[in-house]
Amino acid sequence: MDIAIERTSTTTIFSLKGRMDAVSAPCFEASLKGDEQNLIVNMQELEYISSAGLRSILMVGRQLRNNSGSLILCGLGGIVLEVFELSGFLKLFPVADSLAGARKLLS
């Protein structure tokens, strides 16, 4: 999985590409600096997510929430969207159709 990271003073955007599985999910968690307030995870180019990937999303979301931050997901489609629907994760986090929509949720 490739992770492109864009940091501003208030928001960090992770754009994921490829597969988020047991091998790559720890890289997602390790990419966090720990001081993020708001995190947008753009999954537009994510092709697959496993239960290990879901676990990482949950752990990061919990960490942000404990620090009064927020995690917003965007760009979910195909099998990734199906996994989020079946797992109930769409009820746990705000979801936007696009990166622009996710940014609007923060303002």
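Author: Helices (H or I, at least four residues) and strands (E, at least two) are DSSP runs, numbered from the N terminus. This is a predicted model: local features need pLDDT of at least 70, side-chain atom pairs count only at pLDDT 80 or more, and totals for chains, interfaces and linings use all residues. Residues are numbered from 1 along each chain as its sequence is written, and side-chain values use heavy atoms, with hydrogens and water left out.

Reader: Fine. Where does Tyr-48 lie?

Author: Tyr-48 is in strand S3.

Reader: What is Tyr-48 in contact with, leaving aside its neighbours within four places in sequence?

Author: Gly-18, Arg-19, Met-20, Asp-21, Ile-79 and Val-80. Contact means heavy atoms within 4.5 Å.

Reader: And how many residues apart in sequence are Tyr-48 and Gly-78?

Author: 30 residues. In space, their C-alpha atoms are 8.8 Å apart.

Reader: New topic. How many salt bridges?

Author: Four. The rule asks for a side-chain nitrogen of Lys or Arg within 4 Å of a carboxyl oxygen of Asp or Glu.

Reader: Take Arg-103. Which residue forms a salt bridge with it?

Author: Glu-6, with the closest N and O atoms 3.4 Å apart. Arg-103 sits in helix H4 (residues 99-106) and Glu-6 in strand S1 (residues 2-7), so this pair ties together parts 97 residues apart in sequence.

Reader: What's the relative accessibility of Glu-6?

Author: 38%, so Glu-6 counts as partly exposed. Arg-103 is partly exposed too, with a relative accessible area of 39%.

Reader: What about Arg-7, which residue is its partner in a salt bridge?

Author: Glu-36, at 3.2 Å between the closest N and O atoms. Arg-7 is in strand S1, while Glu-36 is in the loop between helix H1 (25-30) and strand S3 (38-49). The two are 29 residues apart.

Reader: Is Glu-36 buried or exposed?

Author: Buried, at 6% relative accessibility. Arg-7 is partly exposed, at 36%.

Reader: And Arg-55, which side chain does it meet in a salt bridge?

Author: Glu-29, at 3.3 Å from N to O. Arg-55 is in helix H2 (residues 51-66) and Glu-29 in helix H1, so parts 26 residues apart in sequence are tied together. Arg-55 is partly exposed at 47% relative accessibility, and Glu-29 is partly exposed at 29%.

Key: Buried means under 20% relative accessible area, exposed over 50%, partly exposed in between (1.4 Å probe, protein chains only).
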